[in-house]
Amino acid sequence: MDLKFLVFFNFLSLVFGYADWSEDEYPEKWYSNARDNLEKLLSRKPNKNMAKNTILFLGDGMGITTITAGRILKGQLKGRNGEEEVTNMESMDNVALSKTYGIDSQTTDSAATATAYLTGVKTRVAMIGLSGRAKIRECSPQLENYKVKSILKWAKEAGKSVGIVTTTRITHATPAGTYAHTSYRNFETFDGKVFNLTHQQNGCKDIAAQLIDENSYIDVIFGGGRRKFLRKEDRDYHEWNKTGERVDNRNLINDWHYKMEQMNKTHKFVWNISDFENLRPNQYDHVLGILAWDHMKYEADRVVEDYIDEPSISEMTQKAIELLSTNPNGYFLLVEGGRIDLAHHNSNARRALEEFVAFDEAIGLANKMVDHEDTLVVVTADHSHEFNIGGYSKRGNPILGLVDSIEYRELSSGGYTFTSLSYGNGPGGLKEIRNRNLTAKETTNIDYHQESAVFMEYETHGGEDVAIFAKGPMSHLFDGTVEQSFIAYAMAYASCIGPFDRNSYPTCEFERGA
């Protein structure tokens with residue numbers, strides 16, 4: 001169901017008083033619902049198996065409000081009221097809360113958080129793969145002493161295959177957290193500006209170069225960001241009017257090919273959807289899929305007049321699982337729904353929520369593909385946003401629409417309509433008091449910026465806790481309110497890798513089933 005029909009459907013529902021909650025009026029429904037939940041919980045037995053495989057789904061910027069609003073939109077896109085919808089992530093067995101603060105920040109960023117949930121060590125804002133002993137933008141040989149390993153590296157050392165899927169650039173903060181060590185998240189490429197020769201001479205290496213030079217062991221990578229790997233004189237493979245950004249005379253994609261050949265590894269660089277679709281298990285030792293010049297397209301923009309030139313997050317997740325599953329020792333896979341965050345930064349709730357729905361569909365697909373007896377699936381967020389649901393809208397009111405209460409259409413104190421969704425700050429901030437009504441057509445437009453209290457060109461993150469959902473071996477460890485750094489340790493313990501491998505913690509495997 002497309003959004004235009006959704007708005008029309010809900011309009012008719014409100015005008016004619018239709019609602020699908022008639023049985024909600026009777027206590028028996030709620031008694032039955034509670035009884036079903038209780039019986040499910042009472043019959044649950046902890047899965048204490050060792051996790052052969054681990055998939056970490058990371059919704060960038062996916063705070064609790066995003067989950068609630070995304071749940072409602074997902075249900076409304078199916079023609080239902082939406083509030084009663086249960087997402088794939090919410091149907092998983094265990095849930096906890098994660099504290100997202102950094103060691104120097106109450107409200108943090110994706111670099112510090114990636115370091116926390118991937119390495120088990122909290123750090124400073126804007127730094128990746130370094131402990132808090134380092135300082136932002138520091139470049140010195142001393143950085144070598146501050147490096148902390150990620151769970152992706154722990155998994156590889158244990159003989160597992162490893163992979164990354166993201167809808168952002170593969171050098172962006174979240175994916176970079178699996179492999180990079182940098183004192184500044186924006187050191188993505190050697191562009192001569194943000195990262196230059198002085199930085200290099202003082203002991204830093206840009207993130208793209210780190211991926212190619214030091215992390216060639218990663219088996220599967222799918223995401224965007226070719227601009228960070230190509231030279232300024234290199235035209236892009238697909239967008240011919242665009243070039244790379246590097247000024248150090250390195251074409252890193254060519255360097256990757258050369259390195260694979262030197263290592264005698266079968267390999268494939270993938271930049272288009274046809275080559276992506278033709279990938280098969282056991283074809284190549286390593287696949288580097290950089291499928292867009294910059295970030296990958298928003299889900300809402302990915303299909304234009306039936307023409308598709310990029311795979312969806314579900315398609316990338318499915319392909320990665322297929323390719324990684326051939327290793328008898330198992331695999332670790334990070335899947336990031338990265339553009340939820342970027343849409344929120346633009347106060348663009350529709351794109352953010354459609355990204356959420358696509359992300360949740362990828363989780364559902366993965367849960368169908370894997371066996372939870374030996375595969376741990378964890379879903380969480382790095383941080384939230386200043387994103388709100390408000391007003392007193394009636395049940396089933398379009399989540400992207402105007403507040404419409406049970407008794408009357410609710411208006412602002414100035415007498416004007418307003419939306420259910422808003423932001424604390426952002427580009428939709430009111431520079432002056434609005435003196436006109438908003439319309440449903442306007443607020444459901446793909447490019448609409450929800451209003452906010454404070455005008456800022458770029459909306460900020462929120463500082464509240466975020467959810468962790470889990471299913472599979474040792475998923476019961478995700479319980480209560482935990483430090484974000486606990487996530488990496490719990491996943492490592494479930495797999496007996498890293499700090500819980502045979503050398504460091506020899507009893508890990510024998511504690512199962514106790």
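## Aromatic pairs

There are 14 aromatic pairs in this predicted model, where a pair means rings of Phe, Tyr or Trp (its six-membered ring) with centres within 6.5 Å. Take phenylalanine 187 and phenylalanine 195: their ring centres are 5.2 Å apart and their planes meet at 75 degrees, so this pair is edge-to-face. (Planes over 60 degrees apart count as edge-to-face, under 30 as stacked, and the rest as tilted.) Both of these phenylalanines are buried, meaning under 20% relative accessible area with a 1.4 Å probe, protein chains only.

Phenylalanine 387 and tyrosine 423 make a tilted pair, with 5.0 Å from centre to centre and 35 degrees between the planes. This pair ties together distant parts of the chain, 36 residues apart: phenylalanine 387 belongs to strand E12 (residues 387-389) and tyrosine 423 to strand E13 (residues 421-426). Strands here are DSSP runs of at least two residues, helices of at least four, numbered from the N terminus. Phenylalanine 387 and tyrosine 423 are both buried.

## Charges over rings

Lysine 29 has its charged end over the ring of tryptophan 30, 4.6 Å from the centre. To count, NZ of Lys or CZ of Arg must be within 6 Å of the ring centre and within 35 degrees of the ring normal. Lysine 122 sits over the face of tyrosine 101, 3.5 Å from the ring centre.

## How to read the numbers

Residues are numbered from 1 along each chain as its sequence is written. Local features need pLDDT of at least 70 and side-chain atom pairs 80 or more, while totals for chains, interfaces and linings use all residues, and side-chain values use heavy atoms, leaving out hydrogens and water.

Terms used. Buried < 20%, exposed > 50% of the residue type's maximum accessible area, 1.4 Å probe, protein only.
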